[in-house]
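Dear colleague,

Please find the structure below, together with its sequence. A summary of what was found follows, and I would ask you to read it with the model open beside you.

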Amino acid sequence: MSETPESSGKADAEDTGVSMVEILEEEERLEADANAVLGDSDDKNCTYPRGYINRQALYSCSTCKAEGAEPAGVCLACSYECHEGHDLIELYTKRFFRCDCGNSRFPNLKCKQYPDKDAVNPSNKYNHNFSGLYCICSRPYPDPDDEVDDEMIQCVICEDWHHGRHLGTVVPDNQEYSEVVCADCMKRHDFLWAYTLTSQATVLKEEERNTEVDVVASDSSDQASYSMSAGTSSLDASASNISLGNLSGNSDDPDWSSNDPRFEALVKKYPPRSQVATTSDGRQQPSVDTCLLKDLKSRKYEVKEEAIFLPEGWRKKLCQCVECMTMYKDKGILFLTDDHDTVQSYEERGRQNQVPVSQHDKEVSALSQMNRIQQVELIQGFNDMKSQLSDYLKKFAENGKVVREEDIKEFFSNMQARKRQKTEEGFQYNCK
């Protein structure tokens with residue numbers, strides 16, 4: 001049975017409708033996300049005494065920064081206490097940063113939280129984000145001159161924010177990646193291309209297609225056990241042999257994905273730092289067979305001039321032999337081996353630190369901070385809005401119409417206009 005134009009139009013209206021429950025749920029979600037960003041940061045005490053914090057919420061103060069002055073960042077607590085009412089640039093989170101509030105970068109400001117600070121924090125790193133500029137285009141965000149609706153994505157290494165269209169490649173759906181490394185950082189650390197192991201990125205050398213890696217799963221888990229001796233590494237075999245050339249079901253298929261059992265078997269073949277070879281004099285050194293990166297580099301992979309989008313858990317697959325760990329340290333990217341460095345981990349800690357507060361408790365707390373006149377005006381205003389909203393929605397109920405999002409916006413827009421009109425006209429007092 002086909003739909004009539006009238007029934008079809010009604011169905012479309014229902015599809016585009018929005019309930020008050022959905023509005024409240026969206027508000028709670030946005031509030032939870034905002035709390036997650038700040039949740040693992042201390043909002044009561046300056047973080048300076050704690051040194052260089054692994055990750056924290058930071059701000060740059062445009063009000064306190066003199067023209068031509070060096071950039072500076074302040075912690076969450078100082079943004080509240082020392083820079084209240086100032087023009088602040090939200091930097092989201094940064095790693096290994098120590099609060100600058102009140103040091104030599106703020107010559108006219110003394111930190112109220114922790115005034116006894118060194119003149120500079122030499123290990124802090126600054127970029128144009130501290131001046132309110134982002135991406136390789138060095139534009140502000142939001143940009144009043146940019147008419148393109150584009151999301152901003154943060155590079156996990158340089159921590160700059162980039163327009164999606166300036167990453168040099170197509171941005172996948174959010175569900176398809178966990179972290180991003182921008183094109184410039186990939187040029188500086190091009191060894192990371194060896195870890196992509198995605199379609200058309202890594203090809204098995206022909207002579208390795210028949211190589212077998214022996215994997216044994218213990219009774220309690222799926223983890224493979226392995227033994228290590230100087231100069232060699234091996235996996236104890238007691239269950240099944242996995243042929244690298246036949247796991248995909250097609251021995252002619254050269255492509256790997258990060259979830260391919262061949263890749264997992266290869267990762268298990270190489271022990272972490274605690275399992276490296278030990279020489280006769282007690283020194284640890286990587287064996288020729290213990291470096292996963294060397295093995296990956298012996299295969300064919302493509303180096304591109306673009307950003308890469310990395311899946312969840314990719315950090316755990318980085319080789320942690322002594323040689324690679326030394327390389328990470330020399331390059332200043334040792335943090336990539338730490339799962340707690342990720343923004344996701346930081347936000348999760350923030351969510352765990354949140355103390356549940358009911359909406360009723362929030363309302364009571366807000367009212368308790370008002371004087372009697374403000375409380376009466378608030379209650380009267382709420383009752384007026386409730387009455388007007390009830391009358392407004394009654395028309396939809398009588399006509400059998402669905403309330404759409406734009407209808408709610410129109411209602412509050414009209415309310416705001418009426419409030420503005422009353423304010424401009426002023427109050428009339430009749431005295432007898």
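**Findings**

Helix H11, which covers residues 405-425, contains Asp407. Please keep in mind throughout that this is a predicted model. Is Asp407 buried or exposed? Its relative accessible area is 5%, and the limit for a buried residue is under 20%, so Asp407 counts as buried. When neighbours within four places in sequence are left aside, Asp407 is in contact with Tyr392, Phe396 and Val402.

**Nonpolar cores**

The largest nonpolar core has 34 residues. Which of them touch the most other members? They are Ile157, Val181, Leu192, Tyr195, Leu293, Cys319 and Tyr328. Several elements give two or more residues to this core: the strands S6 (179-181) and S15 (308-310), and the helices H4 (183-188), H6 (292-297) and H7 (322-331). Not counting residues up to four places away in sequence, Leu192 touches Ile157, Met186, Trp314 and Leu318. Another core lies apart from the largest one; it consists of 16 residues, including Ala72, Val74, Cys78 and Cys101.

**Cysteines**

How many disulfides does the structure hold? The number is 0. As background, a disulfide is a covalent bond that links the sulfur atoms of two cysteines. Cys75 takes part in no disulfide, and the nearest cysteine sulfur, which belongs to Cys78, is 3.7 Å away. With a relative accessibility of 1%, Cys75 counts as buried.

**Cavity**

The count of cavities of 30 Å³ or more comes to 1. The largest cavity has a volume of about 40 Å³. Which residues line the largest cavity? Its lining is made up of Ser60, Cys61, Lys65, Glu70, Ala72, Arg105 and Phe106. Sorted by class, this lining has 3 nonpolar, 3 charged and 1 polar residues.

Yours sincerely

Terms used. Residues are numbered from 1 along each chain as its sequence is written. This is a predicted model: local features need pLDDT of at least 70, side-chain atom pairs count only at pLDDT 80 or more; totals for chains, interfaces and linings use all residues. Side-chain values use heavy atoms; hydrogens and water are left out. On a 1 Å grid over the protein atoms alone, a cavity is a set of points where a 1.4 Å probe fits but cannot get out, and a pocket is an open set with protein on both sides within 12 Å along at least five of seven lines; lining residues have an atom within 4 Å of a point. Grid points are joined across faces, edges and corners, and a volume is the space filled by probe spheres set on the points. Ala, Val, Leu, Ile, Met, Phe, Trp, Tyr, Cys and Pro count as nonpolar, Asp, Glu, Lys and Arg as charged, and the others, Gly among them, as polar. Helices (H or I, at least four residues) and strands (E, at least two) are DSSP runs, numbered from the N terminus. Buried means under 20% relative accessible area, exposed over 50%, partly exposed in between (1.4 Å probe, protein chains only). Contact means heavy atoms within 4.5 Å. A nonpolar core is a set of buried Ala, Val, Leu, Ile, Met, Phe, Trp, Tyr and Cys residues joined through side-chain atoms within 4.5 Å. A disulfide is a pair of cysteine sulfur atoms within 2.5 Å.
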